[in-house]
Number of protein chains: 2
Amino acid sequence: MLTAEFLAKLTAIVGETNLLTDPVDCYAYAYDNSRKIFPPLAVAFAISQEQIQAILLCCNEYRIPITPRGRGTGTAGGSLPEQGGLALSLERMSRIISIDPANRIIIAEPGVLNQEIQDAARPHGFFWPPDPSSAPFCTIGGNLATSAGGPHAVKYGTTRDHVLGLKAITGKGELIKAGCNTTKGVVGYDLTRLLIGSEGTLAIITEATLKLTPLPQSTGGITAHYKNIQSCAKAIAAIMAQPKIPSALEFLDKASLDLIRSRNTGLLPDDTHAMLMIEVDGSDVEINETGQAILTACKNEGLIKSERVIDSKALWVARKALSPLLRDIAPKKINEDVVVPVSRLPELLQGLTELSQKYRIANANFGHAGNGNIHVNLLVNPDNPDEMNRAEACLSEVFNLVLALNGTLSGEHGIGSEKRAYVGLEIDSVTMNLMKEIKHVFDPNNILNPGKLFPKG
Amino acid sequence: MLTAEFLAKLTAIVGETNLLTDPVDCYAYAYDNSRKIFPPLAVAFAISQEQIQAILLCCNEYRIPITPRGRGTGTAGGSLPEQGGLALSLERMSRIISIDPANRIIIAEPGVLNQEIQDAARPHGFFWPPDPSSAPFCTIGGNLATSAGGPHAVKYGTTRDHVLGLKAITGKGELIKAGCNTTKGVVGYDLTRLLIGSEGTLAIITEATLKLTPLPQSTGGITAHYKNIQSCAKAIAAIMAQPKIPSALEFLDKASLDLIRSRNTGLLPDDTHAMLMIEVDGSDVEINETGQAILTACKNEGLIKSERVIDSKALWVARKALSPLLRDIAPKKINEDVVVPVSRLPELLQGLTELSQKYRIANANFGHAGNGNIHVNLLVNPDNPDEMNRAEACLSEVFNLVLALNGTLSGEHGIGSEKRAYVGLEIDSVTMNLMKEIKHVFDPNNILNPGKLFPKG
């Protein structure tokens, strides 16, 4: 329960029009793309750094849990108000503060959409490389909170590589300034990257200085079709072992291809059991050179055909629609984003096939293969308790396999609440305790997105 | 004074041959390239992670300050054993643990030289981008401690962009594991980059997983000569405002050019008052395209001539020799590495000229202009107290100018002990206190490189 006194203080900070307390209204802020539901007791919309600071001080005073939120597109439960309390939506802090093409910088508030950053940068010949599938409707605040990736990370890196500095309010309500305005800077500890990927557990980002990258002159596409998953996995390793880096290298297994075929008649040949969708970018000559090197690396005994694609738009639309399509056939799919070193991909994909058979759980695997980042989707019926038990056991083995292959549990989605049960498999207890102590420095009353990112209990 | 008991414990950990206590021997570990002298009371050489952990536990028990050290090439005093105690040299932890070209990774101990990493990567078609001038004799541990840059950072970024994971022993003696083995990973807080650039104040790095980059096919050179510093600064901004990024963009002012002329007769024309040394890399076609774009951007009213250079080796040798040459003419030069946004370089260079005149302090300015990173060298005679006073006042104004231009005090050297007096100008007290609390989490007894990085007192 939130007291009248607390709510009166909140109202004084943000104004009546920026505070929701009706449970019906609050329900719209109860979920994210993990599809779990945790209604907050109130929702506040901040429109300034000063308001965020005042809200955090107030929540500290009354010990009210506060969960920051962009547009709720995360898949790991990071923005769920699990302990009730206050949801703080940053969607109304949507100002691009400045565009400075001469220094390749955009300074923006956290509620700006990823796509709005791209639209602002493009006329100046730049883009901001992080490009999750949700780019048209996710916020940069959320991108920063999870260190979001996307298909182009194989060439351009993830969010943490494209931010120069931040302003933020810590859990205890202090305004801090991290990083700088230049592409080089080593004064003090790197708080910028400590906050990036911290899933809103340390501080609420109020302003980000984003580093822009020149738009490639043009892009080209290549598709490669394989008889089986093993030959496809070998080709991925071969492509990444040679120096010409693709700008995207996406893998699709048979289940994913079948799903695309079911909605796009004639788009894909029937005998393709695994496929690569490859993008190269640069000048025409670079595209030609890189494309040639990649076509050579694609060749092995399992290759059916590989070819350059003049207009790859239809394929990308199909690829980007995969996640929502999977929702249609399995609304409660268990969606993971594990990563292994690319040379271990053949072992991972073989192992996933075996685990699917062992536990009789259908799965569909696709993803950003150039980084070794595979989206493993266990397609389950939540009303079948036996299947759910098998899926849980299967998932546990998937994670053990990933770690045995020297991989990591999450490449871009984060831990949130969904992977808390497994994070202890990857991070040892000493390192975990150190992270908890860092959390305590930023948020001594543990009111900021409490319970997220760390193992339960 | 170190007690016999403490020294006996140290001897038991590292063995007699890895411990120096004779003041004459210890003196060799008393300095770095800041040219200050602080002799440690003992020097230990660790050869394993376990030894480092045992040493840190022992130093905690006896409250002995411990200063980690690579090869002492740092310029900011970061490795000076300022409070006596123990110097911990990592030069004997010089093993490359594994080379994994398929996954573009080298795992190495901290005492491996930067050049040894390059030599190990090259046969596989890769390099590790950080390339400080001291590359042949500096360690990667030191590179990590300072987040070292170098001329190629303009295209490839600095050390923090090229490390996937770390093992380290914290100040309180706990082994932690940060990051992962893959190019994507978002599990837990980013301790990797928190340690990079922390100047050995949080933990001692015992193992680093370095991310390799494909070697460019070839490189090309361009030189551009200017009548005055203002037109040269304008050209830098023009080059960086267009999308074709050079792999190096080095600026030299008249004083730097005169110094090179004095040792390399005929290398440079007499009327050049400012100069750019530019490198481009890639395929022949890319070099041609990027080179053409840069030659166009170089053009303005102050350009004397710009030209492609077939063999740029002689120029690079001259450029890399500049810092040592400056030592010859001014052994106690005050050497800074400030950074401003590239569009503000004209104002910075104009301001430096004015401050040099105002305080009657000769200076030489050169550096990594593509990042806005200028090495400001105040050439002073330490035996002239009046000149030293004027230099101090001048330096203070230099830093104020840099911050007024939205810059940062250090792009690659760090704070160490040399810039402690100024760090409070850039980092506000709230953020500074948070950094101190983080330091306390890692090193509660403040024995690990105590006093460095933070303002005094």
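## Notes on the predicted two-chain model

1. **Around L276(A).** Once neighbours within four places in sequence are left aside, L276(A) is in contact with I222(A), T223(A), A224(A), Y226(A), C232(A), A235(A), I236(A), I239(A), L249(A), E250(A) and F251(A). Keep in mind throughout that this is a predicted model.

2. **The core it belongs to.** L276(A) turns up again in the largest nonpolar core, which has 172 residues. Which members touch the most others there? They are F251(A), L276(A) and F442(A) from chain A, plus F251(B), L276(B), I438(B) and F442(B) from chain B. Note that F251(A) is on that list and is also one of the contacts of L276(A).

3. **Domains of chain A.** The chain is split into domain 1 (4–89), domain 2 (96–214), domain 3 (218–255 + 273–314) and domain 4 (330–404). Domain 3 of chain A comes as two segments, 218–255 and 273–314. The contact between them draws on 13 residues of domain 3 of chain A and 15 residues of domain 4 of chain A.

4. **G221(A).** This glycine sits in strand β12 (residues 218–226) of chain A. Is G221(A) buried or exposed? Its relative accessible area is 7%, so G221(A) is buried. Not counting residues up to four places away in sequence, G221(A) touches I278(A), E307(A), R308(A) and V309(A). As for A248(A), it is 27 residues from G221(A) along the sequence, and the C-alpha to C-alpha distance is 9.3 Å.

5. Side chains of opposite charge can pair when their charged atoms come close. Over all chains, the count here is 44 salt bridges. For one of them, look at R160(A) and D190(B), whose side chains meet with an N to O distance of 3.1 Å. Why does this pair join two chains? R160(A) lies in the loop between α6 (153–156) and β8 (163–170) of chain A, while D190(B) lies in the loop between β9 (175–179) and α7 (191–195) of chain B, so the bridge runs from one chain to the other. R160(A) is buried at 12% relative accessible area, and D190(B) is buried too, at 6%. The pair is also part of a salt-bridge network that links R160(A), D190(B) and R193(B).

6. **Another bridge between chains.** K172(B) pairs with E437(A), and their closest N and O atoms are 2.9 Å apart. Here K172(B) is in the loop between β8 (163–170) and β9 of chain B and E437(A) is in helix α16 (residues 429–442) of chain A, so this pair joins two chains as well. How covered are the partners? K172(B) counts as partly exposed at 22% relative accessibility, and E437(A) is partly exposed with a relative accessible area of 31%.

7. **A bridge within chain B.** E61(B) and K9(B) form a salt bridge, with 3.2 Å between the closest N and O atoms. E61(B) belongs to helix α3 (residues 49–62) of chain B and K9(B) to helix α1 (residues 4–14) of chain B, so the pair ties together parts that are 52 residues apart in sequence. E61(B) is exposed, with a relative accessible area of 51%; exposed starts over 50%. K9(B) is partly exposed at 33%.

8. Worth a look if you go through the backbone torsions. Phi of R104(A) is positive, near 55°, in a residue other than glycine. R104(B) likewise has a positive phi, about 60°, although it is not a glycine. Where do these arginines sit? R104(A) is in the loop between β5 (96–100) and β6 (105–108) of chain A, and R104(B) is in the loop between β5 (96–100) and β6 (105–108) of chain B. At 9% relative accessibility R104(A) counts as buried, and R104(B) counts as buried at 10%.

9. Which residues make up the nonpolar surface patch of about 280 Å²? Y27(A), Y31(A) and I37(A) do. I37(A) is found in the loop between α2 (23–27) and β2 (42–45) of chain A. Patch residues need over 30% relative accessible area, and I37(A) has 39%, so it counts as partly exposed.

Technical notes
Residues are numbered from 1 along each chain as its sequence is written. Chains are lettered from A and ligands numbered from 1 in the order in which they are written. This is a predicted model: local features need pLDDT of at least 70, side-chain atom pairs count only at pLDDT 80 or more; totals for chains, interfaces and linings use all residues. Side-chain values use heavy atoms; hydrogens and water are left out. A nonpolar core is a set of buried Ala, Val, Leu, Ile, Met, Phe, Trp, Tyr and Cys residues joined through side-chain atoms within 4.5 Å. Buried means under 20% relative accessible area, exposed over 50%, partly exposed in between (1.4 Å probe, protein chains only). Contact means heavy atoms within 4.5 Å. Patches are made of residues with over 30% relative accessible area and no salt bridge: like charges are joined within 9 Å, nonpolar side chains (Val, Leu, Ile, Met, Phe, Trp, Tyr) within 5 Å. Accessible areas come from the Shrake-Rupley method with a 1.4 Å probe; for residues, only the protein chains shown count as cover. A salt bridge is a side-chain nitrogen of Lys or Arg within 4 Å of a carboxyl oxygen of Asp or Glu. Helices (H or I, at least four residues) and strands (E, at least two) are DSSP runs, numbered from the N terminus. Domain bounds come from an automatic or database domain assignment.
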